[in-house]
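Here's a quick tour of how one chain sits against its two neighbours. Have the model open while you read.

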Amino acid sequence: MAAFILRRLAQSVIVMLTVALVAFALFRFVGDPIASMVGQETTLAERAELRTALGLDEPFLVQFGNFVARAVTGDFGISYRLQQPVMELIMSRLPATLELAMVSGILAFAFGVGFGVYTALRRGGWASSTIMTVSLIGVSLPTFLIGVLLIWVFAVELQWLPSFGRGDTVYIGDWWRTGLLTESGRASLILPAITLGLYQMTLIMRLVRAEMLEVLRTDYIKFARARGLSNRAVNFGHALKNTLVPVITITGLQLGSIIAFSIITETVFQWPGVGALFINSVRFVDVPVMAAYLMLIALVFVVINLIVDLLYYAVDPRLRVDRANARH
Amino acid sequence: MKPPILSVRDLVVEFPTRRGTLRALDHVSFDIAEGEVLGMVGESGAGKSLTGAAIIGLLEPPGRVASGEIWLRGERIDNLPREKMRRIRGRRIGMVFQDPLTSLNPLYTVAEQLIETIRTHMDVSDKEARKRAVALLDRVGIPAAARRIDDYPHHFSGGMRQRVVIALALCAEPELVIADEPTTALDVSVQAQIIDVLKEICAERGASVMLITHDMGVIAETADRVAVLYAGRLAEIGPVRDVIQAAEHPYTAGLMGSIPTLTQTAERLTQIPGSMPRLNAIPQGCAFNPRCTKAFDRCFRDQPDLIPRADGRQVACWLYETAKSEVSNG
Amino acid sequence: MSDIIKKPEPGRVARAWDSDISYSFRKSPLAIVAAGVSLLIILAAIFAPWIAPHDPFNPATLNLMDGFTPPMEPNQFTGNTYWLGTDNQGRDVFSTILYGARISLFVGFMAVAFAMVLGITLGLIAGYRGGWVDSLLMRVADVQLTFPSILLALLIFGVARGFIPPAYREAMAIWVLIVAIGLSEWVQYARVVRGATMVEKSKEYVQAARVIGAHPAKILIRHILPNVMGPVLVIATIGLALAIIAEATLSFLGVGVPSTQPSLGTLIRIGQGFLFSGEWWILLFPSLTLLALALSVNLLGDWLRDALNPRLR
């Protein structure tokens, strides 16, 4: 067990370093950092001085080492576009994204599992067919289009909900700004959360349905029925439990992609999160922000993967090799 | 004569497909007496497993019972509402499946699965259920049952798992146990043990057994009577000794001839030319007529009825029709 | 019941018509509708220059006074009527949709083609070579799969932008987009082909081919490709829907096609800006087109996958 954790940690570090390499390469080769930082009047001599001062003429590995060392402490330099420390920018906008991601993730999971189980158990009913059709539309609708259409219906026509921004936010502690504690904050959260979560929900739903149908075809379910166990015991006690094991892992991985998809939702709703920050940095080739965002996302994914692996281990007894394997 | 535990009358199982309806079981009729072991033999695809599934009410759609009757101790069970049939499963009819490696839910311990089944059918406390479970595991031959009951299925070997399966099938004390190829997936060395366990434990509890298999050797050792299925129809049924030593249906005779024995010295094993017809290409009349050396014109016209013979035997073959009037019904 | 009389052998067309796939298609109204809609949009897009009543991108033909005309109503200044209305610059919405669909489909098909070629090639190499080449490729594939494709596409786009001098950015934008989207989708093809290659590689005819000096790779391709055509086709169809959506998303975000060649995504972004002022048609029609396109292609892919899945028969 300990060996397993250590191995996964080592893998995670390797992945992070690889991503760091990519991020660093971005810095080094995309555009000229000096040119982005100074005005046109700066003389060549001054530019050369700046280059040395920033350590840009050191050998590659040294620069990479410096980069990693600074990254670990959270120093990603200054944004070309906004002239502010990148870390500060990211941290100030992170709570907005995280809140959105969490709310939509919970919604997506709850409804996804619920609908998935329902459509697996009640195949062919009209409710199931409707849900499946809507799910297909959900997969075919680009996230941004969902957002725009929602805005149109609920913000413009019905005027029930705000069409952009976070509403009023309050501080919890000295860093986290939350919109959950104000009415306008919660109202502003609804449409973006649905937009962000809809795609995930359809994915989870289809996954749960497919898994459950597979499980319902297995021998042990047939045997459970042959033993006269009630429908509830068979469907929920046995089938659902076996279905959720792979579903949990995949859902965990989805959490990572929610954070990435927030780019789109934040753009549609002008939500002040890290996603919007990233898009602007791509538009303006603001490399420090791009690199930092990359590292951040990689970190999130790696951590989530690790947690999911551990979860899998905890839930599936076949993975625990704690007893001597039986051959009696 | 005690009434039979199970009585199947003219059972017809059909599969509607887009190319027409396939008849997988065609007017199959037989009885199982109390405490008896009936072997059901046939090639793959003959319909043996379907018969078992139909009896316990677990036919997979689109298969369905098109007509016929199934009686359990004088009560009709083929037309019961679902909830009533569910209560019969496990409690009055138990079933053992073929592959022990996939018959048990990997996420639950053996204790949990046994206790759940016991408490579904019997009103006992958790503790009492556990006691019975341990005793049962012990009876089927799991060593150190009290400790191993808390293991997960993957901690057991194949043979051990099948013993657990037998325990599970019997823990609610059914009157009839349907065993569908219970040893086919096991090592040869383990097969005999499992069959013995099954036979003993059923005999102890007075339960009848319907033993489905394609292995005549197992039947010869274990069964009291044997039914031979061919292309969804019953070819012959009778006491094991009689059918094996003096098979009456040409197909059965061919089957017996194709089994090697240690005592006979024969140059070659007999082989029945051709193969069992597919369900959508069953010939008119007797299903065996293309391969039968003794077929005559009636065999190609009419499907043979089950003709009663001596000692409770029955044969579905026109060869024996004329003799019908000479034998009294057994 | 019996069928001892031999029927004459059916001809090829009859067999194709009677095959499982074609039967499944004919019995599924959804698949027929989906195929019809896709075909319609594709044809309309191909023939856009001939079908479109106006050329929306020629400034000479545009009249600002035509702007903001609602659908099917004559413009209050010029008296012109447009089926689906005009946008803020007087461009006919119907024409812009046709041309926009053209761009979307072009990018979509090219991206899928690129992903397919790349994926199949890499899959063949990985499967055939095995060893460290295979491990490396699979590792890369695994890592890539954990990241959402939109992120990858954005990254590639951003990097490409940094390399290309601003003067060429517009012209290259479409190709960068194609490469970006294609690069984010090659993995599925590679996996399928790799699996099939590994299965075939160990078969005897490959050894035999080596013995007679024939290049086993050619033999492999001839034998593998027919086997994987089914799954590859499913992946390609669903991939097309994904590519179309990806392109629309990137264009919507402003990092896709340049605004001089708007695709459906760009049109939607423009449309969103006019929601509050009431010109709903600028948003609605491009949205419906995109939805119809993505949905029908997805449905086709779904149906295809079910039709080709032997276990569901």
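An unreviewed UniProt entry lists residues 12-30, 100-121, 133-155, 189-208, 244-264 and 290-315 of chain A as "transmembrane region". UniProt positions follow the numbering used here, feature names are shortened, and annotations may be inferred rather than shown by experiment.

Two of these stretches are worth a look. Residues 244-264 of chain A come out as 100% helix and 0% strand, with the end C-alpha atoms 29 Å apart. For residues 133-155 of chain A the figures are 91% helix and 0% strand, and there the end C-alpha atoms are 26 Å apart. Helices (H or I, at least four residues) and strands (E, at least two) are DSSP runs, numbered from the N terminus.

## Ground rules

This is a predicted model: local features need pLDDT of at least 70, side-chain atom pairs count only at pLDDT 80 or more, and totals for chains, interfaces and linings use all residues. Side-chain values use heavy atoms, with hydrogens and water left out, residues are numbered from 1 along each chain as its sequence is written, and chains are lettered from A and ligands numbered from 1 in the order in which they are written.

## Chain A against chain C

Here 41 residues of chain A are in contact (heavy atoms within 4.5 Å) with 38 residues of chain C. The buried area is about 3,500 Å², with 79% from carbon and sulfur atoms; that is the accessible area (1.4 Å probe) the two parts lose on being put together, summed over both. On the chain A side, S140(A), F144(A) and W152(A) lose the most area to chain C, together 17% of what that side buries.

There is one salt bridge between chain A and chain C (a side-chain nitrogen of Lys or Arg within 4 Å of a carboxyl oxygen of Asp or Glu). R206(A) and D302(C) form a salt bridge through their side chains, at 3.1 Å, N to O.

## Chain A against chain B

On this side, 26 residues of chain A touch 34 residues of chain B. Chain A and chain B bury about 2,800 Å² between them, 57% of it on carbon and sulfur atoms. In chain A, α9 (219-226) and α10 (231-269) each supply at least two residues of the side that touches chain B, and α10(A) gives the largest share, seven residues.

And salt bridges? Between chain A and chain B the count is zero.
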